[in-house]
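These are my notebook entries on a structure that is new to me, kept in the order in which I looked things up.

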Amino acid sequence: MKTLNFAVLPGDGIGPEVMRVALEILESLGQKYGFSIDYKEADIGGIAIDNHGTAFPEITHKICQDSDAILFGSVGGPKWESLPPKEQPERAALLPIRKTFSLYANIRPGLLYSELSEASPLKNARIPNGIDLVCIRELTGGIYFGQPKSTFEKDGEAVAIDTMIYKASEIERIAQVAIDTAKARQLKVCSVDKANVLETSVLWRKVVTEYFAKNAPEIELSHMYVDNAAMQLARDPNQFDVLFTENMFGDILSDEMGVICGSLGMLASASLGATKNCLNLPFGLYEPSGGTAPDIAGKGTANPCAQVLSAAMMLRYSFGENTAAKALEDAVRLAVTSGKRTGDIAFGKEAISTKAMGTAILKAL
Ligand code: NAD
């Protein structure tokens, strides 16, 4: 029997609550689809600061390095907000982990079942069939990592500089992820840039156009400026199938996508690495799109679907368990559309607990 070896980093707030549900479901799914899970749990974020004095301890690093994938909860919360910005959980854990494992490709499905259309600020009238698109974001380049990056004094006042930089090879690498994603969907990609103003965007558009023409001529490629894309996403999200963009634009657009898709409790994500794991599949970090939800943490009411759907992405991308991944996604859909709802997506229906939602997904499986 195949054994799936991965690291489990539940993190803070609702992280451990929803992770428990995801692990229980993976355990049961394995029995049905012929794999076993072998995971090692480690501290990350605020809990790691409390227990080890740092948000991304060496032992956590080692456990991740010895694994084929990372199933991640979320990090941060009010307890650690007074720390200097550089030591706060999100910055001191998430950015280093992305960098350490060269997680350059962020894949965020924007999925809203039609039964949940009312959860979206766009409401049923605009999206009667729900929403179904994917955002592919470059994650390790651009303005967040470019050098120089500093704050200094000049002519008697403070000045700050960030550098936006992209190499053609970085753009081609993420373009291939957009192509692979589009091939499994509707063969349609919209590449988002700001080529009317930014040099990096001029290069982005040129490289993307040439790479698609050479490697995937069957894909319908279009280009859009980021300001227009932000507007179009709010106006008619289903005009997009694969939305593809650089780091900062992707940060903003994927969060906008999260809002129009209703609850953060439903949205999964994958960040794939440059390195292959021992199965020769991409090493990846899989996590819900939302944060630690301090307002509901500890109450047992968080929606576990985003964590469960992140586990499904892990099965697909890092372990090649496509059938089990699809079965898990279908089970979440069935549980929710048949009326089982946590508070964030209840809308007049009875709100059930995190644990009960997990049981409903298991039953649907
Ligand atoms: P948040 O995503 O934690 O919460 C925003 C709202 O969405 C809250 O009302 C919350 O209850 C709700 N929500 C989120 N996930 C939910 C779920 N699974 N079920 C039901 N409701 C859910 O964002 P925030 O309040 O801005 O941030 C809280 C903390 O999380 C901060 O410390 C922030 O830094 C951190 N954070 C971490 C990550 C990460 O680890 N990747 C991402 C975002 C925020």
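This is a predicted model: local features need pLDDT of at least 70, side-chain atom pairs count only at pLDDT 80 or more; totals for chains, interfaces and linings use all residues.

I began with the secondary structure, and for the protein I found 12 helices and 12 strands, where helices (H or I, at least four residues) and strands (E, at least two) are DSSP runs numbered from the N terminus. Residues are numbered from 1 along each chain as its sequence is written, and side-chain values use heavy atoms, with hydrogens and water left out.

Next I looked up the overall dimensions, and the C-alpha trace spans about 60 × 50 × 45 Å along its principal axes. The radius of gyration, taken over C-alpha atoms, is compared with a globule rule of 2.2 Å times the number of residues to the power 0.38; for 365 residues a compact globule would come near 21 Å, and the protein's 20 Å agrees with this.

I then turned to burial, and 52% of the 365 residues are buried, meaning under 20% relative accessible area with a 1.4 Å probe and protein chains only.

For the domains, I found that the assignment, automatic or from a database, gives domain 1 as 1–104 + 263–365 and domain 2 as 121–260. The centres of domain 1 and domain 2, taken over C-alpha atoms, are 25 Å apart. Nine residues of domain 1 are in contact with nine residues of domain 2, contact being heavy atoms within 4.5 Å.

How values were computed. Buried means under 20% relative accessible area, exposed over 50%, partly exposed in between (1.4 Å probe, protein chains only).
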